[in-house]
Amino acid sequence: MLKRMILLGPPGAGKGTQAKLLAAQNGLAHLSTGDILRDEVARGTDLGKKAQAYMDRGDLVPDQLIIDMIKGRLDESAGFILDGFPRTVPQAEALEKIARIDVAINIALSREEVIRRLTSRRVCRHCGKIYNLLYNPPAVDGVCDACGGELFQRDDDKREVIENRYDVYMDATAPLIDFYRKRGLLKDVDGSQPTKKVSEQILAMLGS
Ligand code: AMP
């Protein structure tokens with residue numbers, strides 16, 4: 001099976017959900033730069049302090065901070081799923097120097113659907129499980145099915161910030177689709193399908 005993969009796609013396409021599933025099923029490391037940054041912010045580290053204002057606006061954190069953060073966390077031999085990285089062409093070029101990539105999976109979703117999904121996304125504060133009040137609600141309002149933790153709405157899942165995040169995605173990140181297509185590494189999935197369907201299609205692409 002292909003073991004070093006990138007998940008591309010706009011915010012809300014399901015990268016985090018799919019990465020968690022794939023990582024658990026295949027024993028791969030799940031590296032989400034968004035999760036790492038949120039943890040740095042919560043712990044009040046230097047990096048967290050530098051990153052917070054960008055994140056609050058839905059802008060990208062500067063490339064060099066992200067590249068330094070990801071270096072040393074990638075273990076080529078163990079295999080990994082990159083979720084939310086690379087987000088720019090300079091990040092993708094830096095990644096090429098750090099690790100080999102087997103496949104880049106582009107989970108496509110329209111702007112309208114991104115906004116619909118993200119405004120109704122909730123995340124467990126304790127275990128990170130992702131819910132959607134429209135498609136995948138918890139059994140008990142505000143409580144995680146898996147661990148009983150409290151569900152919350154990410155600060156950047158507010159409508160104005162979501163719209164900016166989508167524009168930033170189109171401007172800075174969507175060019176990576178061609179970047180990986182040219183290298184023969186790109187595979188496309190329709191992210192508007194139910195989670196299970198998307199996951200089955202990705203698994204079929206990975207040859208497992
Ligand atoms: P995410 O959880 O992937 O949606 O990321 C949340 C926020 O963290 C983004 O809106 C950015 O501000 C920041 N971020 C995450 N990954 C990156 C990255 N690779 N490059 C720059 N900023 C990032």
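**The ligand site and its surroundings**

A nitrogen atom of the ligand lies 3.1 Å from a polar backbone atom of Val 61, a polar contact being a pair of N or O atoms within 3.5 Å. The model is predicted, with local features needing pLDDT of at least 70 and side-chain atom pairs pLDDT 80 or more, while totals for chains, interfaces and linings use all residues. Residues are numbered from 1 along each chain as its sequence is written, and side-chain values rest on heavy atoms, leaving out hydrogens and water.

An N or O atom in the side chain of Arg 38 is 2.9 Å from a ligand oxygen atom, and a polar side-chain atom of Arg 87 is 3.1 Å from an oxygen atom of the ligand. Of the 490 Å² of accessible area that the ligand has on its own, the protein covers 96% (Shrake-Rupley method, 1.4 Å probe).

In total, 16 residues surround the ligand, each with a heavy atom within 4 Å of it. Thr 33, Arg 38, Asp 59, Gly 84 and Gln 91 are the closest. By class, the shell holds six nonpolar, four polar and six charged residues; Asp, Glu, Lys and Arg count as charged, Ala, Val, Leu, Ile, Met, Phe, Trp, Tyr, Cys and Pro as nonpolar, and the others, Gly among them, as polar. Helix 2 gives the most to this shell, with four residues (helices are DSSP runs of H or I with at least four residues, strands runs of E with at least two, numbered from the N terminus).

Turning to the loop between strand 3 (80–83) and helix 5 (89–98), this is the place of Pro 86. Phe 85 and Pro 86 are joined by a cis peptide bond, with omega about -5 degrees. Most peptide bonds are trans.

Methods
A polar contact is a pair of N or O atoms within 3.5 Å; within protein, one must be able to donate a hydrogen and the other to accept it, and residues adjacent in sequence count only if both atoms are side-chain atoms.
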